[in-house]
Amino acid sequence: MSLQLMKTYDVNATCIKSVEAVSEDLILFNIEMRSTLNFDSRPYHWRCDFGNVPPLDLSLDSETGLIKEITVFISKKTLIRDYNCNCMYSNELKGYPSFNTKIWTKHEYYYDEFLDIGMYLDNSMLNVLLKGRVASVRLEVNNVLDILFDEKNLFIGFVVKNLDSKELYFFER
């Protein structure tokens, strides 16, 4: 059961990016979302491919399903460099996404799925995608973040655009 897009809002959203080296091989990349929309309730966490450290954690507002934060742990060893997507999308949208939160039951705030995640670096873009899925819908949140969905509007990944030289420095071998 993956996250399904429920609605998009026509609002300006800001992404606050932070990158830090956790170890010689491991990078913590975080995107905090800010907008005029209200998301003050306790967050739900949708985590993929979890183990000691979940590689991908999407934090959603439990009342609205709005994205609050995206956290991804990136291994330099498994990061694929010089990736060229050349993706063609059947549908391109703009807006701030809200997701269906019915996968959570009352008083459970974490939902874990064993999904294979691929991480790809292409020039100044970081692509984080569920392997074996095909993106057919691209939702442009702003000039920093695109979120990708399949034909059923299920979340399959995201693209962080316009990484600057300081952020790219962390990805150097």
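The model is predicted.

Seven strands form an open sheet with mixed pairing, in the order E7-E11-E12-E15-E14-E13-E8. Its edges are strand E7, residues 80-81, and strand E8, each of which pairs on one side only. Within this order E13 stands between E14 and E8. Strand E13 covers residues 137-140 and strand E14 residues 145-149; the two are antiparallel and share four bridges. In this pairing, Val137 lies opposite Phe149 of E14.

Is Glu92 buried, partly exposed or exposed? Its relative accessibility is 47%, so Glu92 is classed as partly exposed, because that class lies between the limits of 20% for buried and 50% for exposed. The side chain of Glu92 makes a polar contact of 2.5 Å with the side chain of Arg138. Glu92 can also be placed relative to Asn12: the two residues are 80 residues apart along the chain, and their C-alpha atoms are 17 Å apart.

A further pairing involves strands E2 and E3. Strand E2 takes in residues 13-21 and strand E3 residues 26-35; they run antiparallel and are joined by nine bridges. Which residue of E3 stands opposite Lys17? That position is held by Ile31.

Key
Residues are numbered from 1 along each chain as its sequence is written. This is a predicted model: local features need pLDDT of at least 70, side-chain atom pairs count only at pLDDT 80 or more; totals for chains, interfaces and linings use all residues. Side-chain values use heavy atoms; hydrogens and water are left out. Buried means under 20% relative accessible area, exposed over 50%, partly exposed in between (1.4 Å probe, protein chains only). A polar contact is a pair of N or O atoms within 3.5 Å; within protein, one must be able to donate a hydrogen and the other to accept it, and residues adjacent in sequence count only if both atoms are side-chain atoms. Two strands pair if DSSP finds at least two bridges between them.
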